[in-house]
Amino acid sequence: MPAVAEPELEPGAEAQLETQLEAQFEATIGRKDRIEPRDWMPEAYRRTLVRQVAQHAHSEIIGMQPEGAWIGRAPSLRRKAILLAKVQDEAGHGLYLYSAAETLGVSRQELTEMLISGRQKYSSIFNYPTLSYADMGTIGWLVDGAAICNQVPLCRTSFGPYGRAMIRICKEESFHQRQGYELLMTMMRGTDEQRAMVQESVDRFWWPSLMMFGPPDDESPNTARSMAWGVKTHTNDELRQRFVDMTVPQAKALGVTLPDPGLVWNEERGAHDFGQPDWDEFWEVVKGNGPCNAQRVAHRKKAWDDGAWVREAALAFAAGDCRDTSGDTSGDTSGETSNETRTV
Amino acid sequence: MTGQVRGEWPLYEVFVRGKRGLNHVHVGSLHAPDDQLALRHARDVYTRRNEGVSIWVVRSSAITASSPDEKDPLFAPSGDKVYRHPTFYDIPADVPHM
């Protein structure tokens with residue numbers, strides 16, 4: 001990865017150098033210092049990060065679709081403007097994260113191709129459909145709420161660019177959750193039909209939201225190593241517990257019932273006991289058999305393919321192949337490039 | 001830093017001045033076909049909430065960086081010059097405005 005030419009070394013010396021570099025890397029992690037892109041890092045660390053950061057970036061980009069579908073149908077100009085801003089943020093979050101992934105030596109184009117070809121995953125939550133407008137509120141409250149639980153600890157992750165991207169994202173994510181909760185509160189103050197819509201939406205999104213933290217700890221083989229490297233700082237089950245404990249009083253204030261008969265306060269633990277999501281369903285969705293997997297990827301592929309001529313034209317323009325000096329056309333071009341990320 | 005992939009827009013580094021009186025600070029990177037579009041994309045990606053009053057963009061390939069391998073020798077000259085710091089000098093506590 002470093003652009004510096006490797007000097008010729010005897011085989012033994014090379015192994016010795018590697019051991020020394022690994023010791024320096026471990027020492028940096030041990031001091032809770034950050035690893036920066038041009039530092040030496042074990043290949044497995046780099047691979048883990050590429051996988052995790054790319055999956056995170058893809059989730060933001062695919063995550064634009066379920067909500068983007070409702071921009072035209074949001075019931076007021078205020079709600080349309082909010083939703084539009086939120087979807088634009090998701091695009092921005094995706095871009096921060098792609099930038100972070102690229103510092104690990106993978107190109108943006110490769111990442112997009114791996115998403116479209118299904119070789120890299122995104123969060124399974126976005127493979128569930130948004131069937132009613134109440135889902136816009138539930139996604140903000142539960143899905144973004146779960147994302148915040150996951151992301152706040154990642155601000156201190158060991159890879160510098162990833163942590164810095166997470167800090168920017170977390171600052172913006174709070175708006176996402178609050179607008180969703182406010183939307184639901186507004187509906188709960190409305191008619192019986194609106195209250196029923198909110199409850200129905202919460203019933204559908206509760207279990208998939210719990211799945212967002214990933215499989216139980218005993219089925220998450222990479223967790224221990226990721227924690228040793230400081231990539232992750234909490235286990236899946238710890239974060240899931242934290243999310244449930246945070247959400248219960250919010251549900252009460254909202255006046256909705258979380259659809260888990262096993263959800264009770266455990267005085268002894270000082271935490272809520274709760275049921276397990278259907279993990280078979282989780283693995284099916286991860287494997288690509290969720291309600292919307294094919295649709296989400298097909299939509300992303302179409303946007304990528306349809307935007308190809310814009311990317312090529314902009315490059316040709318930049319190279320001066322067709323530069324027209326009579327006027328400033330950059331405004332038009334900018335409008336067209338944004339089509340690439342448009343989701344309707 | 002990776003070379004440019006064929007057909008991919010070049011990479012730019014983005015620097016934002018948060019408000020008057022502050023330095024431009026590196027905030028991240030983005031791809032753009034040319035300088036003008038890099039500025040516009042930087043506005044959309046990095047200043048959606050009044051985070052800046054001025055933006056610089058520069059092609060990543062135009063940046064020359066010190067090598068992490070040379071870190072110790074490169075910065076060694078400043079390591080042993082404690083007399084460059086004000087705390088090196090003992091001044092009686094009752095001397096005012098020092």
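A crossing of two helices is left-handed if the near helix is turned anticlockwise from the far one by less than a right angle. The legends below refer to a predicted model.

**View 1. Helices H6 and H7 of chain A cross in a left-handed sense.** H6(A) spans residues 134-154 and H7(A) residues 160-188. Their axes lie 7 Å apart, at an angle of about 150 degrees. Angles over 145 degrees count as roughly antiparallel, and H6(A) and H7(A) are therefore roughly antiparallel to each other. The residues in the contact between H6(A) and H7(A) divide by class into 14 nonpolar, 11 polar and two charged.

**View 2. Trp141(A) and the largest nonpolar core.** This core has 84 residues, of which Tyr45(A) and Trp141(A) touch the most other members. Beyond four places in sequence, the contacts of Trp141(A) include Gln177(A), Gly180(A), Tyr181(A) and Leu184(A). Also among them are Val202(A), Thr247(A), Gln250(A), Ala251(A), Leu254(A), Val256(A) and Leu258(A).

**View 3. Another core, of five residues, lies apart from the largest one.** Among its members are Tyr128(A), Met211(A), Trp279(A) and Phe282(A). In soluble globular proteins, nonpolar side chains tend to be buried together.

**View 4. Gln241(A) in helix H10 of chain A.** Helix H10 covers residues 236-254. Gln241(A) has a relative accessible area of 16%; buried means under 20%, so Gln241(A) is buried. Leaving aside neighbours within four places in sequence, Gln241(A) is in contact with Arg269(A), Ala271(A), His272(A) and Phe274(A).

Terms used
Residues numbered from 1 in each chain as written. Chains lettered and ligands numbered in written order. Predicted model: local features only at pLDDT ≥ 70, side-chain atom pairs only at ≥ 80, totals over all residues. Heavy atoms only, no water. Helix = DSSP H or I, 4+ residues; strand = E, 2+ residues; numbered from the N terminus. Buried < 20%, exposed > 50% of the residue type's maximum accessible area, 1.4 Å probe, protein only. Contact = heavy atoms within 4.5 Å. Core = buried A, V, L, I, M, F, W, Y, C linked by side-chain atoms within 4.5 Å. Axes fitted to C-alpha atoms, helices over the stretch in contact; angles between N-to-C directions. Parallel < 35°, antiparallel > 145°, perpendicular 65-115°, else oblique. Nonpolar A, V, L, I, M, F, W, Y, C, P; charged D, E, K, R; others polar.
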